[in-house]
Amino acid sequence: MQVTETLNSGLKREIKITVPAGDMEAKLMARLNDARDKVRINGFRPGKVPVQHLRKMYGKSFMAEVVNEILNDSTRSIISGRGEKAAMQPEVIMTEDEKEAEKILAGGADFEFSLNYEVIPAIEVKDFSDIKVTRQVYDVPEQEVDDQVKRVAESARSYEPKTGKAVEGDRVSIDYVGKIGGEAFAGGAGTDQPLVLGSKEFIPGFEDQLIGTKAGDEKQITVTFPENYQAAHLAGKEATFDVTVKEVSAPGALEINDETAKNLGLESLERLREIVRGQLENQFGSMTRQKVKRQLLDQLDASYSFEAPSKLVEAEFNNIWAQVNRDLEAAGRTFTDEDTTEEEARAEYMRLAERRVRLGLVLAEIGEKAGITVSDEELQRGLFEQVRRFPANQQQEAFEFYRSNPEAINALRAPMFEEKVVDYLLGQITVNDVKVGKDELMADDEEAETATKAKAKPAKKASSKKAEAKAEADEAAAETEEPKKKAAPKKKAAKEAE
């Protein structure tokens, strides 16, 4: 086998490989001789089939197997033998001339092919001692636990139907149809929708107009969607809702005791408090970790400057760009609505893709040097955790998908590996803990503001710093953002601890 480097420019490589016809012939004959003792052909005793007869029958298919074997084995061995790591699966270029291909399969010509690939650049892991980060720590007070327990208990409060008029605090069951300009709009209808008056669950003005209604009443409500309403085609517009009140119920006493906890499936009020506190601590702890991680990655990004493999950057950009367009389409918005252009947005997200790839390679190198791995047990736990997010009737199907799809498993392993590398780095650098209040932890500074936006939604006139911060935006931060009025007329409330 002759190996010749035909391109070495930056990270790009092209290797030409020539396997002489004589070597191909030898590999083919070895296969034919091996098959001679195994095949059964009418008219010949076992092991007595002439090799030339076998060649006439199976020569081309066996030679095709030889070609595939050479491609699979040589690709790995040649690149590793050069001390290189391919950024992605190399592109294999072979002759497209049918006559030439026939000669190769017949053993009458050398087998020539080329490998095109990009290498992962050599990364020298630097000293971490100069990296310093500030970890904001928020101690959840008992009052906050009490308030959250009260909100959870509200979900278990009993209601009894009443015949009188609805007052604030009552629960009504309604059917409604929303219209703009006399035409019903998508997502503006609901049936048997429960609504506690005064809960501010629906857009402003809606609940107030239901006070004083009673079961059987039909009422037309007029409201104006907020200017910052997520659905751009509804934002700022006046709408009418034809509402039918089907039932009015008065609330029972709000009790917060062991019986309330049992109604929620827990053994005691103390256990409910433990769960609520744990959820709050995890929620704010996730925000703390994400801020620390952004500081760490920002400093790593500033410390490492190298060319990232273009194919990896392109693949990352395509993923980001697809999400950007999905988010815009779902929100009914355009790049103009975001005070940018498609060209500017493309450039912004290309920089984000380059940063992600570069940091990913740095973390991978640090992890490899530190001997960090994701064990099978850890991967199994991660798999079960991922599958649990699916509806119960889809969990087995999801489990089978991951078990039979190596790429999906690798996609699951990658973030687990990254978090372990981050944990390792946090043990190597200087971390200063600072006690802060909730407002400070959730402060809408530039990073936090970016983090709470939809993952790939273009920020208005976003700086590259904002786009980069979005790479590490954590879903926990987004979930603690003040609820936005999304569905019409209902808005999504912050998820209560349950």
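Gly 371 follows helix H8 and has a positive phi, near 70 degrees. Helices (H or I, at least four residues) and strands (E, at least two) are DSSP runs, numbered from the N terminus. The model is predicted: local features need pLDDT of at least 70, side-chain atom pairs count only at pLDDT 80 or more, and totals for chains, interfaces and linings use all residues. Residues are numbered from 1 along each chain as its sequence is written, and side-chain values use heavy atoms, with hydrogens and water left out.

**The chain overall**
- The chain holds 15 helices and eleven strands.
- Of its 498 residues, 37% are buried. Buried means under 20% relative accessible area, exposed over 50%, and partly exposed in between (1.4 Å probe, protein chains only).
- Contact means heavy atoms within 4.5 Å. Among contacts with a separation of 6 or more, 71% join residues 24 or more positions apart.

**Helix H8**
- H8 has 28 residues, and at 1.5 Å a residue it should span 40 Å. The expected span is 1.5 Å times one less than the number of residues.
- The end C-alpha atoms of H8 are 40 Å apart, which agrees.

**Nonpolar cores**
- A nonpolar core is a set of buried Ala, Val, Leu, Ile, Met, Phe, Trp, Tyr and Cys residues joined through side-chain atoms within 4.5 Å.
- The largest core has 45 residues. Those with the most contacts inside it include Leu 296, Tyr 349 and Leu 425.
- Helices H6 (269–303), H7 (310–331), H8 (342–369), H9 (376–387), H10 (395–403) and H11 (406–426) each give two or more residues to this core.
- H8 supplies the largest share, ten residues.
- Another core, of 28 residues, lies apart from it; Val 19, Leu 54, Ile 78 and Leu 115 are among its members.
- Leu 425 touches Phe 128, Leu 296, Leu 300, Leu 363 and Ile 366, not counting residues up to four places away in sequence.

**Helices H4 and H6**
- H4 (residues 142–155) packs against H6 at about 115 degrees, with the axes 9 Å apart. Axes are lines fitted to C-alpha atoms, for helices over the stretch in contact, and angles run from 0 to 180 degrees between N-to-C directions.
- The two helices are therefore roughly perpendicular, a term for angles of 65 to 115 degrees.
- Residues of H4, including Val 145, Val 149 and Val 152, meet residues of H6, including Leu 272, Val 276 and Leu 280.

**Arg 403**
- Arg 403 sits in helix H10. At 51% relative accessibility, Arg 403 counts as exposed.
- Beyond its neighbours within four places in sequence, Arg 403 contacts Gln 380 and Leu 383.

How values were computed
Parallel < 35°, antiparallel > 145°, perpendicular 65-115°, else oblique.
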